[in-house]
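Subject: Structure for your review

Dear colleague,

Please find below the structure that I am handing over to you. After it, I set out what was found.

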Amino acid sequence: MSELADIVTAFVRGHEAWAIPIVFLLAFGESLAFISLLIPATVIMWGIGALVGASGISFWPLWVAAGVGAGLGDWVSYWLGYHYHDQIARMWPLNRHPQLLPRGHAFFEKWGIAGIFIGRFLGPLRAIVPLVAGACEMPRHQFQLANWSSAFIWSGWTLGAGAVGVTWLQQL
């Protein structure tokens, strides 16, 4: 997985014009049920965030791209849960990792709307919580409020961690 992160980060370093669409796709994939288990998007975004501090890549367009990508990924995950709530447990990869859905459900039951917000920051639950929220038929407006606010905070934190880390290391 770290090899993929190195490849993507090197590509963005050499092709800065691709940074915005790549960050959008990474954030979307990181927040999308099922797909999020396959890509190390957070690690790659830390690397891209480090390029912000070390090159001329602007933070703000990347932040917006990551926020929109993450929000849309969760929106699609919620939609899948809402429309396929009875069949979700039988779908790949949940049928191979049966503990993920009950963990997500317990988390959502305990925390409610705050769980959507908090779940954004917990790797394995990031895309499962919106899926479960949809399956539990959480009201859409409550879900979207937590979804979009957490998406932009998460994107700033994720990209900012890389940018701040590089700045901190340069000061040493």
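**Phe59 and its surroundings**

Leaving aside residues up to four places away in sequence, Phe59 touches Val52, Gly156, Leu159 and Gly160. Please keep in mind that this is a predicted model. Phe59 belongs to helix α4. Between Phe59 and Ile20 there are 39 residues of separation in sequence, while their C-alpha atoms are 9.9 Å apart in space.

**The nonpolar cores**

The largest nonpolar core has 20 residues. Val23, Leu26, Met45, Ile48, Leu62 and Leu159 are those with the most contacts inside this core. Two or more residues each come from α2 (19-31), α3 (41-54), α4 (59-83) and α8 (140-171). Of these elements, α3 gives the most, with six residues.

With residues up to four places away in sequence not counted, Leu62 touches Ala19, Ile20, Val23, Ile48, Val52, Ile57 and Leu159. There is also a second, separate core of 12 residues, and Phe107, Phe108, Ile128 and Val129 are among them.

As general background, nonpolar side chains in soluble globular proteins tend to be buried together.

**How α4 packs against α2**

How are α2 and α4 oriented to each other? They pack at an angle of about 30°, and their axes are 7 Å apart. Angles under 35 degrees count as roughly parallel, and α2 and α4 are therefore roughly parallel to each other. The crossing in which α2 passes α4 is right-handed. On the α2 side, the contact is made by Ala19, Ile20, Val23, Phe24, Ala27, Phe28 and Ser31. The residues of α4 in this contact include Pro61, Leu62, Ala65, Val68, Leu72 and Val76. Sorted by class, the contact of α2 with α4 has 14 nonpolar, four polar and one charged residues.

**How α4 packs against α7**

Helix α7 covers residues 128-135, and its axis comes within 6 Å of the axis of α4, with the two crossing at roughly 40°. That angle makes α4 oblique to α7. Here too the crossing is right-handed, as α4 passes α7. From α4, the contact is made by Asp74, Ser77, Tyr78, Leu80, Gly81 and Tyr82. From α7, the contributors are Pro130, Leu131, Ala133, Gly134 and Ala135. The residues of the contact of α4 with α7 divide into seven nonpolar, three polar and one charged.

With kind regards

Technical notes
Residues are numbered from 1 along each chain as its sequence is written. This is a predicted model: local features need pLDDT of at least 70, side-chain atom pairs count only at pLDDT 80 or more; totals for chains, interfaces and linings use all residues. Side-chain values use heavy atoms; hydrogens and water are left out. A nonpolar core is a set of buried Ala, Val, Leu, Ile, Met, Phe, Trp, Tyr and Cys residues joined through side-chain atoms within 4.5 Å. Buried means under 20% relative accessible area, exposed over 50%, partly exposed in between (1.4 Å probe, protein chains only). Helices (H or I, at least four residues) and strands (E, at least two) are DSSP runs, numbered from the N terminus. Contact means heavy atoms within 4.5 Å. Axes are lines fitted to C-alpha atoms, for helices over the stretch in contact, and angles run from 0 to 180 degrees between N-to-C directions. Angles under 35 degrees count as roughly parallel, over 145 as roughly antiparallel, 65 to 115 as roughly perpendicular and the rest as oblique. A crossing is left-handed if the near helix is turned anticlockwise from the far one by less than a right angle, and right-handed if clockwise. Ala, Val, Leu, Ile, Met, Phe, Trp, Tyr, Cys and Pro count as nonpolar, Asp, Glu, Lys and Arg as charged, and the others, Gly among them, as polar.
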